[in-house]
Amino acid sequence: MLKRNLNIKLKSREEIDIMREAGRISALALKTAGKAIEPGISTKELDDIARKCIESNGAKPSFLGEDGFPATACISVNEELIHCIPSVDKIIKEGDIVSIDVGACINGFHGDNTKTFACGKISEDAKILLDVTEKSLQKGIENAKVGNHIGDIGHSIQSFVESFGFSVIKNYVGHGIGRSVHEAPSVPNYGKKFSGPIIEDGLVIAIEPMVSVGAPELEALKSGGWNVVTKDRSLCAHFEHTVAITENGTFILTLV
Ligand code: MG
């Protein structure tokens, strides 16, 4: 059955071009903050670097003030998964894995991207986790094409991740993106083939697999749902790109 989600706002070619710029600045902020990761730096310092990069490019941080979030980037270390508030007290150490999730808004449109970086030499487990999570994002992008279903994206991510014995996080999902940083549809990192809305020309979504070495259950350490960690404190990783899906192909917008 053809399922059409009427809440989905498809983008014109002109809108996608603006989103390319939002994506470029988001990617630049991610890259610049990622390059600054070293033992002894605080997550607040990394956040300041991301913010300066976005603002010096004439854009605004997408997450600042979103649901009351007080910073530019969510910066999550090791067993921390998502929505961690940068802090002067959170100091990065050699061997940590550090996820930076950052978005930028320019000319009314948003970009959103995430990468988990290694600080120096990391464990073999952590290396495999980062590699599998990044590759699962590529699998998801390969399946994000006109005529496929949203469920095809999640199915490809989940089956790839689980073949390595890792867990896909189900509590948080990818999303449509445009004039709002979070729009319809939801883009789960799990699911069945041929399920969910059909992907149409002009759909722009953020695909963002989150993967843990252990169990997928989570808990929030701060009230308000911030600082989410794996319940079993196992390592977790998070990679994300904003992609535009058109009849001429699927394009990653968060590139620099
Ligand atoms: Mg996102």
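In the hairpin of S11 and S12, Gly224 has a positive phi near 90°, and 3 residues lie between the strands. Helices (H or I, at least four residues) and strands (E, at least two) are DSSP runs, numbered from the N terminus. This is a predicted model: local features need pLDDT of at least 70, side-chain atom pairs count only at pLDDT 80 or more, and totals for chains, interfaces and linings use all residues. Residues are numbered from 1 along each chain as its sequence is written, and side-chain values use heavy atoms, with hydrogens and water left out.

Colleague: How many bridges join S11 to S12?

Modeller: Two strands pair if DSSP finds at least two bridges between them. S11 and S12 run antiparallel. Lys222 stands opposite Trp226 in S12. The number of bridges joining S11 to S12 is 4.

Colleague: Which residue of S12 is the bridge partner of Glu80?

Modeller: Strand S3 (residues 80-82) runs antiparallel to S12, and 2 bridges join them. In S12, the partner of Glu80 is Val229.

Colleague: How many of the 5 residues of S12 are buried?

Modeller: Buried means under 20% relative accessible area, exposed means over 50%, and partly exposed is in between (1.4 Å probe, protein chains only). S12 is largely enclosed by the rest of the structure, because its buried residues number 5 of the 5.

Colleague: How many salt bridges does the structure hold?

Modeller: A salt bridge is a side-chain nitrogen of Lys or Arg within 4 Å of a carboxyl oxygen of Asp or Glu. Side chains of opposite charge can pair when their charged atoms come close. The count of salt bridges in the structure is 11.

Colleague: How many residues apart in sequence are the parts tied together by Arg233 and Glu219?

Modeller: Arg233 and Glu219 form a salt bridge, with the closest N and O atoms 3.0 Å apart. Arg233 lies in the loop between strand S12 (226-230) and strand S13 (236-238), and Glu219 lies in strand S11 (residues 218-222), so the pair ties together parts whose separation in sequence is 14 residues.

Colleague: Which helix holds both Glu21 and Arg24?

Modeller: The side chains of Glu21 and Arg24 meet in a salt bridge (3.0 Å, N to O). The two residues are 3 residues apart, about one turn of the helix. The helix, residues 13-35, is H1.

Colleague: Is Asp96 buried or exposed?

Modeller: Asp96 forms a salt bridge with Lys93, the closest N and O atoms being 3.6 Å apart. With a relative accessible area of 3%, Asp96 is buried.
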